[in-house]
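Dear colleague,

I am handing over the structure below, together with its sequence, so that you can look at both while reading. Please keep it open as you go through my notes.

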Amino acid sequence: AAAAAAAAAPARPSRCCRALPASGSKQDWQAFIAALPDADAPELFGLPANIQRAMAAANSRQLLAALRQMGVPQGAAVGFDRAGWSVLLQPLVKLWDQLLALAPPALRQAISSSSSEATAAGADGRSSSSGTSQLGPVDSFVGLERAFGVALLQLVARTMAGVKAVLAGEAPTAAVQAAASALLQGQVCADWDTHWEGPSSPANYLRAAMHRAAALEGLANLGQHPGGLLAHAGASADTAVDLGQLFRPGAFLSALGQQAARTAAVPLGVLRLASCWQGGR
């Protein structure tokens, strides 16, 4: 009976749908316009009902960024004031040193090595005789993604080393001056952002980049076992592949599709990405 009553109840009209006046009377249209709400319902634009929370969070981030910029001493971002640099940049340098100290040993060594050595090591974490041509698309992606992360952290390391040298008494170069100017304003360096578009806050950017690079070290180690990464990923919570731990998750999904097509011996175009909430499937 309750179900029948519910079915018989008239549907509640949507807040975003209003019937237009059927007449051509000016008074009817004026009354219709006057009755329109000051704020449109989110569903009118296909937005979720809680979009106001997201907008409030975005406005808060903009306000915090403006407050941080107001806290920069006048002229510190465009000139050179060693004392001002030390106050504002020393915490960021300390954070980088802490992240570097907590990084996996292999990652620390790769960051300190030359770019060519890191790229070669990242492209193939196994012995050089195996060759990347023998790797599946997913394992090849992990190697390239690791090299991408190492190259980014090497770029960050050079910037932070330059800032640290200036704080220690050296004269700033043009590159260090440009990087420090962005950091002093709470912005990510342009060359960092060009390599990888991450968080807008420099501190959060450092944490996110190091977190992903460290996670890729674990994925690369799993890929060295027989069967590759996919044979061992997901066996436990520690071995699950988290897309949030990748710099380019879209490229991983492309590699996954290529490997699935190769395994199933079907064209890539006939496959469709599907999600499942049941574990092990």
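This is a predicted model: local features need pLDDT of at least 70, side-chain atom pairs count only at pLDDT 80 or more; totals for chains, interfaces and linings use all residues.

The protein chain holds eleven helices and zero strands, and from the N terminus on its elements accordingly read α-α-α-α-α-α-α-α-α-α-α. Of the 281 residues in the protein chain, 32% are buried. Among the contacts in the chain with a separation of 6 or more, 64% are between residues 24 or more positions apart.

Helix packing

I looked at helix H4 with two partners. Helix H4, which covers residues 82–102, packs with helix H7, residues 137–167, at an angle of about 140 degrees, and the axes of the two are 10 Å apart. That angle makes H4 oblique to H7, given that roughly antiparallel is kept for angles over 145 degrees. The crossing in which H4 passes H7 is left-handed. On the H4 side the contact is made by Arg 82, Trp 85, Ser 86, Leu 89, Gln 90, Leu 92, Val 93, Trp 96 and Asp 97, and on the H7 side by Leu 153, Val 156, Ala 157, Met 160, Val 163, Lys 164, Val 166 and Leu 167.

With H10 as the partner, the axes of H4 and H10 come within 10 Å and cross at roughly 10 degrees. H4 and H10 are therefore roughly parallel to each other, since angles under 35 degrees count as such. The contact is formed by Leu 92, Leu 95, Trp 96, Leu 99 and Leu 100 from H4, together with Pro 202, Ala 203, Leu 206, Arg 207 and Met 210 from H10. The residues of the contact of H4 with H10 divide into nine nonpolar, no polar and one charged. Leu 92 and Trp 96 of H4 are listed in the contact with H7 and also in the contact with H10.

Helix H8, residues 174–184, has as its buried residues Val 176, Ala 179, Ala 180, Ser 181, Ala 182, Leu 183 and Leu 184. What covers these buried residues of H8 includes H4, H7, helix H9 (190–195) and helix H10 (202–223). After H8 comes Gly 186, which has a positive phi, near 75 degrees.

Aromatic residues

Trp 29 and Phe 32 both belong to helix H2 (residues 26–34), where they are three residues apart, about one turn of the helix. As background, an α-helix has 3.6 residues a turn, so residues three or four places apart point the same way. Trp 29 counts as partly exposed, at 32% relative accessibility, whereas Phe 32 is buried, with a relative accessible area of 18%.

The other pair joins Trp 196 and Tyr 205, whose ring centres are 5.3 Å apart and whose planes are at 50 degrees, so the pair is tilted. Trp 196 is buried, with a relative accessible area of 9%, and Tyr 205 counts as buried at 0% relative accessibility. Phe 148, Trp 192, Trp 196, Tyr 205 and Phe 247 form one aromatic cluster.

Single positions

Which residues does Leu 230 touch, not counting those up to four places away in sequence? They are Val 138, Leu 256 and Gln 259. Leu 230 sits in the loop between H10 and helix H11 (249–264), and Leu 230 is partly exposed, with a relative accessible area of 37%. The C-alpha atoms of Leu 230 and Val 138 are separated by 7.8 Å, although these residues are 92 residues apart along the chain.

Finally, Ala 265 has a positive phi of about 55 degrees although it is not a glycine. Most residues other than glycine have a negative phi. Ala 265 is found in the segment after H11, and Ala 265 is exposed, with a relative accessible area of 67%.

Technical notes. Residues are numbered from 1 along each chain as its sequence is written. Side-chain values use heavy atoms; hydrogens and water are left out. Axes are lines fitted to C-alpha atoms, for helices over the stretch in contact, and angles run from 0 to 180 degrees between N-to-C directions. Helices (H or I, at least four residues) and strands (E, at least two) are DSSP runs, numbered from the N terminus. Angles under 35 degrees count as roughly parallel, over 145 as roughly antiparallel, 65 to 115 as roughly perpendicular and the rest as oblique. A crossing is left-handed if the near helix is turned anticlockwise from the far one by less than a right angle, and right-handed if clockwise. Contact means heavy atoms within 4.5 Å. Buried means under 20% relative accessible area, exposed over 50%, partly exposed in between (1.4 Å probe, protein chains only). Rings of Phe, Tyr and Trp (its six-membered ring) pair if their centres lie within 6.5 Å; planes under 30 degrees apart count as stacked, over 60 as edge-to-face and the rest as tilted. Ala, Val, Leu, Ile, Met, Phe, Trp, Tyr, Cys and Pro count as nonpolar, Asp, Glu, Lys and Arg as charged, and the others, Gly among them, as polar.
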